[in-house]
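Let's walk through this structure together, one part at a time. Have the sequence and the 3D view open as you read.

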Amino acid sequence: MYKIIVNGAKGKMGQAVISAVSADAELELAGQTDVGDDLGKTIKDTGAQIVVDFTHPSVRMQNVRTIINNGASAVIGTTGFTDEDLKAIDAESKKLKRGVLIAPNFGIGAVLMMQFAAQAAKYMPHVEIVEYHHDHKADAPSGTAIKTAQLINEAVGQTNPPAVESKEFLAERSQGAKLGNVRIHAVRLPGFVATQEVMLGALGQRLVLRHETINRESFMPGVILACKKILDKQGLIYGLEKLL
Ligand SMILES: NC(=O)C1=CN([C@@H]2O[C@H](COP(=O)(O)OP(=O)(O)OC[C@H]3O[C@@H](n4cnc5c(N)ncnc54)[C@H](OP(=O)(O)O)[C@@H]3O)[C@@H](O)[C@H]2O)C=CC1
Ligand SMILES: O=C(O)C1=N[C@H](C(=O)O)C[C@H](O)C1
């Protein structure tokens, strides 16, 4: 049995993870923590080996450090990690001989969309990302959009930005925020869970890769898979695809 604590237990994702962990015969829900609870003490008291964290970007680093410094491995869905954060987590978790998975998206369809986008951009390097989320989302652009742009940049080296930058009449970033040359546009509206389109344009044609998240249960197979694999790992694993 793998003993699991869910951090962010009262949140939308935390609630879905509690149901999924409770329903799995190989996993035991050892604890639930949220704002105001002492996560480090809960790890010690319960002897949990793994903490699943879906909390808030503002507390991303302190939570990872609390988890690994108290002897547990981490399955992290919280977004907002910078390149510097990732380097620090890799070094600290290797030193402590603990595994930390940070997955900007646990949905298999989203993972495939990211892979397909990176592949397609090699042949169609004019690319922009539009992501759509619910209006309670804390961060923009989404972790998924950032990871997609990173994968595209790694695969292509140099994408082709628009030849001409249109003059901005309303706000500086109406043409999107740039990661490398990839522009990312973030929409926040009631009615969405999470959707992303990667648009690739070429002479006389467009390819649109669109992934739609209908509900939060869609993330659970990925979270459960990560819980079952993380104890064999040390250091940072960035992206669910590395465990598939
Ligand atoms: N990787 C993935 O596949 C996915 C990632 N996410 C990400 O997960 C995160 C959470 O999303 P979601 O569940 O929708 O958000 P919610 O706001 O619904 O839930 C977050 C929960 O964490 C709590 N929380 C805040 N700070 C702390 C803390 N320091 N310690 C413990 N608990 C804390 C919040 O409390 P309070 O409300 O009182 O602040 C809340 O109960 C976001 O970063 C989101 O982008 C979401 C979906 C999928
Ligand atoms: O906040 C959300 O809801 C989501 N966050 C993740 C992200 O930022 O990419 C994953 C998914 O898009 C849902």
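Which residues does UniProt list for "domain: Dihydrodipicolinate reductase N-terminal"? The unreviewed entry gives residues 3-106, in the numbering used here, with a shortened feature name and an annotation that may be inferred rather than shown by experiment. The end C-alpha atoms of that span lie 20 Å apart, and 40% of the span is helix and 23% strand (DSSP runs, H or I of at least four residues for helices and E of at least two for strands, numbered from the N terminus).

A word on what you are viewing: this is a predicted model, in which local features need pLDDT of at least 70 and side-chain atom pairs count only at pLDDT 80 or more, while totals for chains, interfaces and linings use all residues. Residues are numbered from 1 along each chain as its sequence is written, with chains lettered from A and ligands numbered from 1 in the order in which they are written.

The protein chain divides into domain 1 (2-102 + 217-243) and domain 2 (108-213), with bounds from an automatic or database domain assignment. Their centres, taken over C-alpha atoms, are 27 Å apart. Ten residues of domain 1 contact nine residues of domain 2 (C-beta atoms, placed from the backbone, within 7 Å).

Now find strand E9 (residues 194-202) and strand E10 (residues 205-213), which pair in the antiparallel sense over nine bridges; pairing requires at least two DSSP bridges. Val198, for instance, has Leu209 in E10 as its bridge partner. Two residues separate E9 and E10 in this hairpin, and Gly204 in the turn has a positive phi of about 70 degrees.

How values were computed
Two residues are in contact if their C-beta atoms, placed from the backbone, lie within 7 Å.
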